[in-house]
Amino acid sequence: MELTLEKTKRKKPINKNRVAFIVMGITLPILAFLVFYLYVNFSSFVLAFQNDRTGEFTLDNFKGVIESMRNPKGTLSIALTNTLKYFIKDIIMMFVNLIFSYFIYKKVLGWKFFRLIFYMPAIIPGLVLSACFAEFIKPTGPVGVIAEMIGKPLPIEGLLQNSETATKVLIIFTIFTGFTSMLFYHGALARIPMEVIEAARLDGCGPGRECFSIVLPLIWPTFSTMLVLQMSGIFAASGPILYFTQGKFETTTLSYWMFAEVYGTGTFGGTGKYGAVSAAGMIFTALGLPIILFVKWLTEKIDIVEY
Amino acid sequence: MNTVKIPKEKIRRSKGERVIYSFVFAIFAIYAIMILYLMFWMITNSFKPFVEYALDIVNGRAFDLPDVWRWKNYAEVYSLIRTPGGITFPEMIWNNIWPFLLASPINVVTTTWFAYVISRFKFPGRNAIYAVIMFTMIIPIVGTGGAYFKLYDDLNLYNNPLFYVVGSIGWGGTNFLLYYGFFKSVSQSYAEAVYIDGGGEFTVFFKIILPQAVPMITVLLINSFIASWNDAMTTLLYMPSYLTISAGMYSVQNTLLRTGKTSLYYAGLVTTMIPMLIIFIAFSDKIMTNLSVGGLKG
């Protein structure tokens, strides 16, 4: 008698409860993604090649965008220059935020109070701060009074109504209110075990080495994530232009220009120049893509320390 | 009962370090003075009678405190401030509250459920979904404003309260990432105990896992409320008949400033600010300690 062992592949019974849970959990988000991401991007692509009025195929949207970018006084040329200024400021502020949050983590005198103060601009409505700031720096406001006292009066039209100074003032305002992302670094720093720092200091590690050789590698996942997200917003960098100048006095940025084209004067549908917005979006997406992928690749070259 | 406190051994800062820390303290202090003075200036000016404010500004007395403290400015915020479309100040506040009450539960349930499923279960397409979410976060597709506007209009969501409901379904973004990281770190042993007791995935998620995420949900809800309170662009663009506090105050700005009611405008702004400050002070410890972003992979 021959005995044969039959290999049977036993299938795991399907857990209906689990399947229902998974399906219900992913259906709505996937639908939302299909409509509000995939369809919107497809629609934006189509709009870029369409005449806004007739709906016919055209390359005029791209031609108009490129023309405006090539003309030094063109709206998009000004918008691009300002956007890059904001972006450079944002990158610098990332490092400033990191350094400031390091000192908060190291419990500089009054750290709890300063932590609240630095986060205040995220709490106070942007309109409040910008309205207050705008009045404050008027020739008749406190800054104007001080400038008058030291013999350097402000231009009579004010700093925000002057093309030479308006963007600079807006950038200063965004620096002034730009310490709120410290919160994310602080969250990461707070998770570093104190024993690691103390052991290093007992071994003679100085503050500089502690910061760059211990703290930075330990919070690298947070920092690199913030860096990549910051890079992905390269062409969205902007300031509270709506509240201050509504894009006048050469203060517009790409994202504000796009908002203004869609919003217009506030009547339904704005200017209706959706095709130009989409065409500009496509051009800047194509320009931004390699930069972001490069930065992401670069950040992943650095090993993550597990702790 | 007496408790004995064991003194924590502190590592002494060197002289050089003390100089650096003093310098940093000075910078922090200057910043604090600037931001607090800015607020103080606005608050004190919000009490000035309209004429006194105008005269002070014209005569270079911008630093002066009010001669007469006009408390009535604050009562008039509620009676006099009205947008060109007729929305009153209390209505603006309500336009911030009802969308939050309507949209937040949907957003919390959809985002947490989605993040939990993606972080915990292996099923065909899971990695693709995660990769797509990461892609959408990293790759900056700009210029979709026009297409969004057209879509909302086509779906009849322009100026429609359902705009908030549809827009609240969470499928990605920073919140997803934060929940995803959290659920990945929650121990599986709780779930296994429920399975042994005959419970299913719904019980595990809603009764065991979700309650553990409450601190994080609270922080994200507070942040989302603060963000919506401070956001003007969304309602200006999509919900013009339901202007929120920031959008409403923006739309009355020119009228109030041009008609010499600057101190009334300030009183409105201060009133706008107070609820946020109360929320922040009440939850500052939670906000400060519960957020951290992990690495981006994929």
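A crossing of two helices is called right-handed if the near helix is turned clockwise from the far one by less than a right angle, and left-handed if it is turned anticlockwise. In this predicted model, the crossing of α2(A) and α3(A) is right-handed.

**Packing of α2(A) and α3(A)**

- Helix α2 (residues 60–70) of chain A packs against α3(A) at an angle of about 65 degrees, and their axes are 5 Å apart.
- Because angles of 65 to 115 degrees count as roughly perpendicular, α2(A) is described as roughly perpendicular to α3(A).
- On the α2(A) side the contact involves V65(A), S68(A) and M69(A), which meet T75(A), L76(A), S77(A) and L80(A) of α3(A).
- Sorted by class, this contact of α2(A) with α3(A) has 4 nonpolar and 3 polar residues, with no charged residues.

**Contact between chains A and B**

- Chain A contributes 84 residues to the contact, while chain B contributes 72 residues.
- On the side of chain B that touches chain A, helix α1 (residues 15–45) of chain B provides the largest share, with 11 residues.
- That side of chain B has 50 nonpolar, 19 polar and 3 charged residues.

**Residues with a positive phi**

- Most residues other than glycine have a negative phi.
- K107(A), although not a glycine, has a positive phi of about 60 degrees, and it is found in the loop between α3 (75–105) and α4 (111–123) of chain A.
- K107(A) has 11 other C-beta atoms within 10 Å, so it is exposed.
- E250(A), also not a glycine, has a positive phi of about 55 degrees and lies in the loop between α12 (241–244) and α13 (254–263) of chain A.
- E250(A) counts as partly exposed because it has 17 C-beta neighbours inside 10 Å.

Terms used
Residues are numbered from 1 along each chain as its sequence is written. Chains are lettered from A and ligands numbered from 1 in the order in which they are written. This is a predicted model: local features need pLDDT of at least 70, side-chain atom pairs count only at pLDDT 80 or more; totals for chains, interfaces and linings use all residues. Helices (H or I, at least four residues) and strands (E, at least two) are DSSP runs, numbered from the N terminus. A residue is buried if 20 or more other C-beta atoms lie within 10 Å of its own, exposed if 12 or fewer, and partly exposed in between; C-beta atoms are placed from the backbone. Two residues are in contact if their C-beta atoms, placed from the backbone, lie within 7 Å. Ala, Val, Leu, Ile, Met, Phe, Trp, Tyr, Cys and Pro count as nonpolar, Asp, Glu, Lys and Arg as charged, and the others, Gly among them, as polar. Axes are lines fitted to C-alpha atoms, for helices over the stretch in contact, and angles run from 0 to 180 degrees between N-to-C directions. Angles under 35 degrees count as roughly parallel, over 145 as roughly antiparallel, 65 to 115 as roughly perpendicular and the rest as oblique.
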